[in-house]
Amino acid sequence: MSLIPEIEAFLACRTPDAWVDAALADQETMLIDHKNCEFKAASTALSLIAKYSTHVDLINMMSRLAREELVHHEQVLRLMKKRKVALRPLSAGRYASGLRKVVRAHEPVKLVDTLVVGAFIEARSCERFAAVVPHLDEELGKFYHGLLKSEARHYQGYLKLAYQYGEAADVERTVERVREVEAELITTPDVEFRFHSGVPA
């Protein structure tokens, strides 16, 4: 997959083997949380459209992204139904909220930071799919491999918008800041197993 090297260069670390082992041991939780992540990604895109209603390029990209994430949400639901995975409430992991702590509170840098955080979430999703695909059954492996391209494209879209709406030097500093926090969330012990969780405690 040609985009994976670009994404691995963007991220500070790879998914630990211990997370892959946990995912394989608890595929039901992985699927439920993955479904939730797709819904949250669509919700985030819609909230950005509502908040930044004069940013035409952002609106166009987020509208497409929201539709695509909802399609993925439906696809995961169908897969769960086929595999008789029952829906149950799952608490949100620490990952997204941990990244959002880095976001500055004032505009226009709040938007830029939010877009950079979005790029990291999409990049990590892509990298996680790539990490787990070789170990999955054919059906789930094929589905997750198919999602790699869209997550990679979303990562690129978020980053492009960050540079469009921010100063390049400031965006680069934000990327460095978020990269450090993101790597810590991925490599430190985590009490909950989630799609974006750290090392199982």
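**Aromatic pairs in a predicted model**

The structure holds seven aromatic pairs. Rings of Phe, Tyr and Trp (its six-membered ring) pair if their centres lie within 6.5 Å; planes under 30 degrees apart count as stacked, over 60 as edge-to-face and the rest as tilted. This is a predicted model: local features need pLDDT of at least 70, side-chain atom pairs count only at pLDDT 80 or more, and totals for chains, interfaces and linings use all residues. Residues are numbered from 1 along each chain as its sequence is written, and side-chain values use heavy atoms, with hydrogens and water left out.

Start with Phe10 and Tyr155. Their pair is tilted, at 4.8 Å centre to centre and 50° between the planes. Phe10 lies in helix 1 (residues 3-10) and Tyr155 in helix 7 (residues 138-165), so this pair ties together parts that are 145 residues apart in sequence. Helices (H or I, at least four residues) are DSSP runs, numbered from the N terminus. Both Phe10 and Tyr155 are buried, meaning under 20% relative accessible area (1.4 Å probe, protein chains only).

Now turn to Phe129 and Tyr144. Their ring centres are 4.7 Å apart and their planes stand at 55°, so the pair is tilted. Phe129 sits in helix 6 (residues 109-132) and Tyr144 in helix 7, so the pair joins parts 15 residues apart in sequence. Phe129 is buried at 1% relative accessible area; Tyr144 is buried at 0%. Ring pairs link both into a cluster with Trp19, Phe143, Phe193 and Phe195.

Charges come next. The charged end of Arg128 sits over the Trp19 ring, 4.1 Å from its centre. Arg179 lies over the face of Phe10, 5.6 Å from the ring centre. A charge sits over a ring if NZ of Lys or CZ of Arg is within 6 Å of the ring centre and within 35 degrees of the ring normal.

Technical notes
Helices (H or I, at least four residues) and strands (E, at least two) are DSSP runs, numbered from the N terminus. Buried means under 20% relative accessible area, exposed over 50%, partly exposed in between (1.4 Å probe, protein chains only).
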